[in-house]
Every structure is written in structure tokens, then in C-alpha cells.
Amino acid sequence: MIKNVVFDMDGTILNTIDDLYNSVNFALEMNGYPKRSMEEVLSFVGNGVKLLIERAMPAGVTDIEFDKCFTCFMAHYNEHKNDNTAPYNGILELMQVLKSKNIQMSVVSNKFDAGVKELASNMFNGFLPFAIGESEQVKPKPNPSGVFKALELMCAKQEESVYIGDSEVDYETAKNSGLTFIAVTWGFRPRSLHESLGVEYIAEKPSDIVSILEKI
């Protein structure tokens, strides 16, 4: 019986892509680099903001050039991360159902820890008391350290927990954590990716997660 749910954030419970896209292209333009398309930015996300900027910048830039562009991105994103960001349709309703079933919830993201905590607090009406992002203590996914920290905070057992995400990074995170994985198709990656990975449980809409949990 599943008693605990660990969510990914970006692309799973929170639609952040417009604000990420705007901040990436602001930083690139301010530093004299070509802007990126939405499709490109979508393909770059999933491994944290440093890799996002590294992938968005042209090949062969120096460390100094990277640091300048990354600093510009962070300043802009910190100021504008709530401009367009919002929970996906049906997510808050899903969380209310899970809460009514006494299922604990947490979020583990490759976004920087302060941003994860702020967004979890501001966007999810207290449903996510345990919010963990990348920090000196928590390595980025697919390293399982963030998931293990969430399980510790929830006093949760692996066999009673699932990880829910939208990307190949989330799939690997669940595998590395020893958790059953539920993939979602409304985020940053298509259903075809999850099928190619052999994912058993795939949700097309948030309400599907409730029926999937009853099967596990």
C-alpha cells in the first residue's frame, strides 16, 4: 500500500517553462549570445539550472563567460520566477485527494533549494511541507540523496513510496532510490519517451495518479 508520494517539481506539478525560457533568453541576449527556441529550452531542462545555462550557451565558452551568463540568469529568474509559473490544471485537486487518503507528499527537484522551498510554500497551499532542492548537502538528480532526505523527513519506507516525474532524469532517480516510478505526460517530455524506457505506470492527467496508486 502506498502511503507516501514524492513529486518532481518542474514539468510535473508546476509549469515553470515560460519563466525559465524568458530568463534563459534574457541572459543570453544580455551577454551577446543567440537566443534559444522554446523546443530547445525544453530539451535542456531537467538537470538543474547550471546545466540548463551550459546547454543554452554556445560551445567553447570560458568559465568566466559562463559565470557571467549564469549570474545574469539567476538574477532575472529570481525576480521573475512567478510571472507565469503555476500548478498544472488538476494538481491541487489531486493533492487534496491524496491528503484525504492520508498519503504524505513531498517534492524533490533539481531546482536550487531556496527556490524549491519558496515555490512549494507559495503555490501549493501547505500540501508540500517537505520541499528539497539542490544544495551542498543534496546532489542533483538522478542522485537519490534528495529522495532519501524526503523519505527521512516523512519517516517513510521505500516500499510504501512512489516517485512521480516527467523526465528520463526522474525515471533514473526513482530507480536509484528504489521507488516505483509514475511518469506524467503533461510536462516537458512526451509519452513516447516513457514508453521507450519501459515505464509501467504512465499518467495522462493528474487524476490518473489516484487510480494508479490503487494498483501498486
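This is a predicted model: local features need pLDDT of at least 70, side-chain atom pairs count only at pLDDT 80 or more; totals for chains, interfaces and linings use all residues.
1. Let's start with helix α1, residues 17-30. Just after α1, Gly32 adopts a positive phi of about 80°.

2. What is buried in α1? The buried residues are Ile17, Asp19, Leu20, Ser23, Val24, Asn25, Ala27 and Leu28. Their packing partners are the strands β2 (14-15) and β4 (104-112), along with the helices α2 (38-44), α3 (49-56) and α4 (63-80).

3. Next comes Val116, which sits in helix α6, residues 113-123. Val116 counts as buried because its relative accessibility is 0%, and the cut-off for buried is under 20%. Setting aside neighbours within four places in sequence, Val116 contacts Met9, Val107, Ser109, Lys111, Ala131, Ile132 and Gly133. As for Val162, 46 residues away along the chain, its C-alpha atom is 19 Å from that of Val116.

4. Finally, have a look at His194 in helix α9, residues 191-197. With a relative accessibility of 0%, His194 is also classed as buried. Which backbone oxygen lies 3.2 Å from a polar atom of the His194 side chain? That oxygen belongs to Val184.

5. Not counting residues up to four places away in sequence, His194 touches Asp166, Ser167, Ala183, Val184, Thr185, Arg189, Val199 and Ile202.

Terms used. Residues are numbered from 1 along each chain as its sequence is written. Side-chain values use heavy atoms; hydrogens and water are left out. Helices (H or I, at least four residues) and strands (E, at least two) are DSSP runs, numbered from the N terminus. Buried means under 20% relative accessible area, exposed over 50%, partly exposed in between (1.4 Å probe, protein chains only). Contact means heavy atoms within 4.5 Å. A polar contact is a pair of N or O atoms within 3.5 Å; within protein, one must be able to donate a hydrogen and the other to accept it, and residues adjacent in sequence count only if both atoms are side-chain atoms.
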